[in-house]
Amino acid sequence: QVQLVESGGGLVQAGGSLRLSCAASISTFNINVMAWYRQAPGKQRELVAAIRAGGTTNYADSVKGRFTISRDGAKNTLYLQMNNLKPDDTAVYYCNAILETVTRDLDYWGQGTQVTVSS
């Protein structure tokens, strides 16, 4: 079982920055994939950024060049640095962790943190 707790959301003006944190109950280096997803009202949840245990990252096209995903193994924490925020970035942001086992993947989610970007 992996517990994930997000923090760092809030209200920011367009062009501003926020850093989201996701505290995990185990070392992030023991988690195969960690990711940030977001869900805006009336829309499906979408992948924002992901990082594998080896350090490989990938981003949604809409956030490339503005958002950076990273992790701190010593602090068991995943981060999402968000710069040049736009109103379209408004959503609830969720932390996700996947543990890959021989039989199946184990999928864990945080409770979400609200990000609101005003124009």
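What is the handedness of the link of Cys 22 and Cys 95 about the S-S bond? The angle is -80°, and the link is left-handed. The tour returns to this pair after an overall view.

**Before selecting anything**

The structure is a predicted model, in which local features need pLDDT of at least 70 and side-chain atom pairs count only at pLDDT 80 or more, while totals for chains, interfaces and linings use all residues. Residues are numbered from 1 along each chain as its sequence is written, and side-chain values use heavy atoms, with hydrogens and water left out.

**Stop 1: the whole chain**

Display the chain as a cartoon. It contains 11 strands and 0 helices, so the pattern along the sequence reads β-β-β-β-β-β-β-β-β-β-β. Here strands (E, at least two residues) and helices (H or I, at least four) are DSSP runs, numbered from the N terminus.

Colour by relative accessible area: 42% of the 119 residues count as buried. Buried means under 20% relative accessible area, exposed over 50%, and partly exposed in between, with a 1.4 Å probe and protein chains only. Among contacts (heavy atoms within 4.5 Å) between residues at least 6 apart in sequence, 54% join residues at least 24 apart.

Then select the charged side chains. There are 11 positive and 9 negative ones, and the centres of the two sets lie 3 Å apart. Lys and Arg count as positive and Asp and Glu as negative, without His and the chain ends; each charge is placed at NZ of Lys, CZ of Arg, CG of Asp or CD of Glu.

**Stop 2: Cys 22 and Cys 95**

Select these two residues and show their sulfur atoms. The structure holds 1 disulfide (a pair of cysteine sulfur atoms within 2.5 Å). It joins Cys 22 to Cys 95, with an S to S distance of 2.1 Å. The pair links distant parts of the chain, 73 residues apart: Cys 22 is in strand β3 (residues 18–24) and Cys 95 in strand β9 (residues 91–100). Cys 22 counts as buried because its relative accessible area is 0%; Cys 95 is buried at 0% as well.

**Stop 3**

Most residues other than glycine have a negative phi. Select Asn 76, in the loop between β7 (67–72) and β8 (77–82): its phi is positive, at about 55°. With a relative accessible area of 22%, Asn 76 is partly exposed.

Move on to Asn 84, in the loop between β8 and β9. Its phi is positive too, at about 50°, and the residue is partly exposed, with a relative accessible area of 43%.

**Stop 4: Ser 119**

Is Ser 119 buried or exposed? Its relative accessibility is 86%, and therefore it counts as exposed. Ser 119 is found in the segment after β11 (113–118). Show its neighbours: not counting residues up to four places away in sequence, Ser 119 touches Ala 14 and Pro 87. Finally, select Leu 85, which is 34 residues from Ser 119 along the chain; their C-alpha atoms are separated by 9.8 Å.
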